[in-house]
Amino acid sequence: MDEQQERRGGGRPRRWPRPWADDWADDEPRTAPWPWRSTLLLTVLVLAGSTVAAHAQQGERAALDPFARVLLVVACGLLLWRRRHPVAVVFSTAVTAAVYLGAGYPYGPVFLTVAVACFAAVVAGHRRAAWTALGILCAVHLLVAHWLYRWLPPAGDAPASFAQEIVVTGWVVAIVAVAELARARREQWARDRAERAQAARRRADEERLRIARELHDVLAHSLAVINVQAGVGLALLDSDPDQARTALTTIKSASKEALGEVRQVLDTLRAPGAAPRAPAPGLDRLPELVEQAARAGLTVEVLGERPRLSPGTDLAAFRIVQEALTNVVRHSGSRHARVHLERAGTVVRLRVDDDGPATGADAGGSGNGLAGMRERAAALGGTIEAGPRPDGGFRVLAELPAEKREDR
């Protein structure tokens, strides 16, 4: 995704280190910035610290000569590439430090270069390479300190003490522990970013579907009323102007209401998180829905009392009834429908029946309206059943949790 965004921006795709990659060599060029400041600071620290260490170990180790200082500068300079080529850098610094040890120069901050290179390699995901480089350096130290010291400078050197080996081992363990901790934290951050991005995409998809359902329900119902009334108006324009005028008034009222609801939905897009200007519709507006259906020539009988519902369930119930009545107006030859409201414990049941017969090829319920109703019910943990009745007509039966709280 990041690479696609970079390509859309016209720049070179940015490649991030892959924390799961555990290979031995770099397989792609790095585009990370050069760490000039930290490398320069580390070079000054290593050179100054090595000079102090040389004075403290005078007579025990070989003095710092130009070759020793070149090795120190090389070990520090290699760290410039630690972000782009961490594997090559960790091996190079380990070899440089091994040569420094073999030449008998004082122990000191030269090992800090290996620590930084190892840290960069582990964080970048090249764990085996970092461990191997440290293992090589430890093996060289053991050989030099306990066997090769006889033939290597400084003259008269003695084998290293056991306490010194404990210090070296502790130093190696500390490097690996800190590097592994940083790698684990970085992987956790990457997982957290991925989860947040996935959650954001999921919320965006849910919001998109919610807006699509709202617009479909509002427009489908209003346009169905407008379509029926427009047909009535055209048919009666010459023979009954008063009735045609009533149809036009109904069209005006339905279109005004639809524009208001569409504007409310669009306002949420322009100002995400803003409070709506009008409350969300619920079953308390069922009388308005019955009146609109009556204007479209459909008589609606409401049975049962309106139950008390949570806001999310109330909105879903209203939209389901609205869509069901819209389908009756559009696809049924019946001019009479019944809406049954019933609450049983924590479940509210909505049933919308008409006596048919179907007048359209898609009267069986395969359109987006039924799909939207099912999505609304499923989002609340409810169910929708829709289909022809055995005795004729069509039935929509919804079961919704009455006390279901809205997800925030």
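1. R389 counts as buried, at 12% relative accessibility (buried means under 20% relative accessible area, exposed over 50%, and partly exposed in between, with a 1.4 Å probe and protein chains only). The side chain of R389 meets that of D353 in a salt bridge, at 3.9 Å from N to O; a salt bridge is taken as a side-chain nitrogen of Lys or Arg within 4 Å of a carboxyl oxygen of Asp or Glu. This pair links distant parts of the chain, with R389 in the loop between β4 (383–388) and β5 (394–401) and D353 in strand β3 (residues 347–354), 36 residues apart. Helices (H or I, at least four residues) and strands (E, at least two) are DSSP runs, numbered from the N terminus.

2. The structure is a predicted model, in which local features need pLDDT of at least 70 and side-chain atom pairs count only at pLDDT 80 or more, while totals for chains, interfaces and linings use all residues. Residues are numbered from 1 along each chain as its sequence is written, and side-chain values use heavy atoms, with hydrogens and water left out.

3. D353 is buried as well, with a relative accessible area of 2%. A salt bridge also joins the side chains of D353 and R395, at 2.6 Å from N to O. Since R395 lies in strand β5 and D353 in strand β3, the pair ties together parts that are 42 residues apart in sequence. R395 counts as partly exposed, at 32% relative accessibility.

4. R389 forms a salt bridge with D391 too, the closest N and O atoms being 3.5 Å apart. D391 is exposed, with a relative accessible area of 63%. Through shared partners, salt bridges join R338, R351, D353, D355, R389, D391 and R395 into one network. The structure holds eight salt bridges.

5. Which residues does A337 contact beyond its neighbours within four places in sequence? They are L298, T299, V300, E301, L325, V328 and D353, where contact means heavy atoms within 4.5 Å. A337 is found in strand β2 (residues 336–344) and is buried, with a relative accessible area of 0%. The C-alpha atoms of A337 and A324 are separated by 9.7 Å, the two residues being 13 apart along the chain.

6. A search of the whole structure finds four aromatic pairs. Rings of Phe, Tyr and Trp (its six-membered ring) pair if their centres lie within 6.5 Å; planes under 30 degrees apart count as stacked, over 60 as edge-to-face and the rest as tilted. The rings of W34 and W81 are edge-to-face, because their centres are 5.6 Å apart and their planes stand at 90°. This pair links distant parts of the chain: W34 is in the loop between α1 and α2 (36–56) and W81 in the loop between α3 and α4, 47 residues apart. Y100 and Y105 form a tilted pair, with 5.3 Å centre to centre and 40° between the planes.

7. Are the residues of these two pairs buried or partly exposed? Y100 is buried, with a relative accessible area of 0%, and Y105 is buried at 5%.

8. Ring pairs link W34, W36 and W81 into a cluster. W34, W36 and W81 also make a nonpolar surface patch of about 360 Å². Patches are made of residues with over 30% relative accessible area and no salt bridge: like charges are joined within 9 Å, and nonpolar side chains (Val, Leu, Ile, Met, Phe, Trp, Tyr) within 5 Å. Accessible areas come from the Shrake-Rupley method with a 1.4 Å probe; for residues, only the protein chains shown count as cover.

9. T39 lies in helix α2 and is buried, with a relative accessible area of 4%. Apart from neighbours within four places in sequence, T39 is in contact with C76, L79, L80 and R82.

10. The mean pLDDT of the protein is 78, and 81% of its residues reach 70 or more; pLDDT is the predictor's confidence in each residue, from 0 to 100. Over residues 1–30 the pLDDT stays under 50, and over residues 361–366 it is below 50. Where pLDDT is low, the predicted coordinates should not be read in detail.
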